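Please examine the sequence and the model below before reading on. The paragraphs that follow lead through the structure step by step.

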Amino acid sequence: MEELSRRKALVAGGALGALGALGVAAPAQAKALWTWSPAGSVAGAGAGTDPRTVWDPQVDRVISALLDRGDVSRVNELLRTWTTNDQQLPSGLPADVRELMESARRLPSWVDHDKLEQSFDFTKRRGLYLGVLYAMASGMMSTVIPKEARAVYYSYGGANMKDRISKTAKLGYDIGTRDAYAPGGEMTVTCVKTRMVHSAVRHLLPQSPQWNQAAPEDVPISQADIMVTWHSLATTVMQKMREWEIPISDDDAEAYLHSWQVTAHMLGVRDEYIPASWHEADRQAEQVLDPILSPTPEGRDLARILLELGSELDGSVLSKPLLGAFTRYTLGDRVADWLDIDREPVFGPMIETFWPPFIAAREFGLNFPGSDETYWLFDELIRQVVLLYLSEADYPISIEIPQGNRPS
Ligand code: HEM
């Protein structure tokens, strides 16, 4: 029962969104200048160092040493028992890992619990849109972010996308829960573990001949990369909701932004790179996200895998065209063509015709002609995504430090 309701919450609450964090990368980045000013950040000031040259040294030192001394399995086993924000760290952790985690679990001084509370309320009211957008906008967009695509593809989890998606979905679920960052919640734990996973990936991927051949950088997952993915999640979702004319109050928008600001901080992003407002987020995204979107062989393959995850259930008869059509609708023809997504003669026009009135009707609580079919279509879309991505996940989902790369 417990697990059932958790799954339901995942469906309704936007766990799908975590797909956006799947990390799929962009073309060899033409090195445009980093000009976004730290004056627009939550810190309000900073050195202005190009975040493409900044990683996470404090964590990287400890996790590299942990991997080198071969102690990861034992740490992962202990970490499985650490699940809630206010829980003590398990005893038996190596001293350097414990010290690191005690520091990493601290919330920023500027955290505002009232805003987090309001963000939860917003998520409850807007869960449908958030879930669909995290999956179909952020998740699919991650396949045309070249550095993320390559990192995901050649890392250990790249060989088992279902498992990887369920773990990533955990973050998308946890951020939308009532006590995300409060005692009893799980988001602090999820972020600290994810920060350590990213750190391990920085150590491991440079040892992958395949990644080295494909990637333009020496060390993956810089602070800039994390903000690119952050924009593919938070900024893209907010922009799409506005484009779809979903009424969102200023307070709701600010609260939702706050939950993502805290998340960026907890993932190790320096405050000087975290936008203080949606206006600043849009400006930063224009600089770091929009220009780098591009297809890669790895991203195309990941997109294909994502769209075909339902094949075991329905032979991809319904799920693939439906998900493909919604991807085309959400991300546009350019991205859909990059990903070799077919134009769907039935679902494509249906979504174009009925999605806007569906939203309008939902917002005004109206029924409209054809609403039964339309509700079915969109319910089915959500059901498919959740079934496909989460049905085979192991519960409880445990985010673990990888010890190798994608087996070749
Ligand atoms: C792992 C979220 C940015 C690449 C994870 C996990 C989560 C996550 C929850 C743990 C799931 C797992 O172990 O499979 C996020 C979020 C990001 C972000 C919320 C930004 C806001 C990035 C970026 C990259 C990246 C920028 C690459 C450029 C990876 C890789 C893994 C991972 C390779 C490990 C996969 C493996 O297990 O082998 N991320 N991520 N992530 N992430 Fe991220």
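Helix 11 is mostly covered, with 12 of its 17 residues buried; a residue counts as buried if 20 or more other C-beta atoms lie within 10 Å of its own, as exposed if 12 or fewer do, and as partly exposed in between, the C-beta atoms being placed from the backbone. This is a predicted model, in which local features need pLDDT of at least 70 and side-chain atom pairs count only at pLDDT 80 or more, while totals for chains, interfaces and linings use all residues. Residues are numbered from 1 along each chain as its sequence is written. Helices (H or I, at least four residues) and strands (E, at least two) are DSSP runs, numbered from the N terminus.

The buried residues of helix 11 include Ala-255, Tyr-256, Trp-260 and Met-266. Which helices do the buried residues of helix 11 pack against? They pack against helix 5 (113-141), helix 8 (187-204), helix 10 and helix 12. The length of helix 11 (residues 250-266) can also be checked: at 1.5 Å a residue, its 17 residues should span 24 Å, and its end C-alpha atoms are 24 Å apart, which agrees. The expected span is 1.5 Å times one less than the number of residues. After helix 11 comes Gly-268, whose phi is positive, near 100 degrees.

Two of the partners of helix 11, helix 10 and helix 12, also meet each other. Two packed helices are described by the angle between their axes and the distance between the axes. The axes of helix 10 (residues 223-243) and helix 12 (residues 278-288) come within 10 Å and cross at roughly 125 degrees. Helix 10 is therefore oblique to helix 12. Axes are lines fitted to C-alpha atoms, for helices over the stretch in contact, and angles run from 0 to 180 degrees between N-to-C directions. Angles under 35 degrees count as roughly parallel, over 145 as roughly antiparallel, 65 to 115 as roughly perpendicular and the rest as oblique. The residues making the contact include Met-227 and His-231 of helix 10 and Trp-278 and Asp-282 of helix 12, contact meaning that the C-beta atoms of two residues, placed from the backbone, lie within 7 Å.

Helix 10 also packs with helix 5, at an angle of about 120 degrees and with the axes 9 Å apart. Helix 5 is thus oblique to helix 10. Among the residues that meet here are Tyr-129 and Leu-133 in helix 5, and Leu-233 and Lys-240 in helix 10.

The loops also deserve attention. Most residues other than glycine have a negative phi, and most peptide bonds are trans. Ile-221, although not a glycine, has a positive phi of about 55 degrees, and its place is in the loop between helix 9 (209-214) and helix 10. Asp-340 likewise has a positive phi, near 55 degrees, and lies in the loop between helix 15 (319-338) and helix 16 (347-364). Is each of these residues buried or exposed? Ile-221 is buried, because 24 other C-beta atoms lie within 10 Å, whereas Asp-340 is exposed, with 12. Ile-292, in the loop between helix 12 and helix 13 (297-307), is buried, with 22 other C-beta atoms within 10 Å.

Finally, the chain may be viewed as a whole. It has 17 helices and zero strands, and 47% of its 408 residues count as buried.
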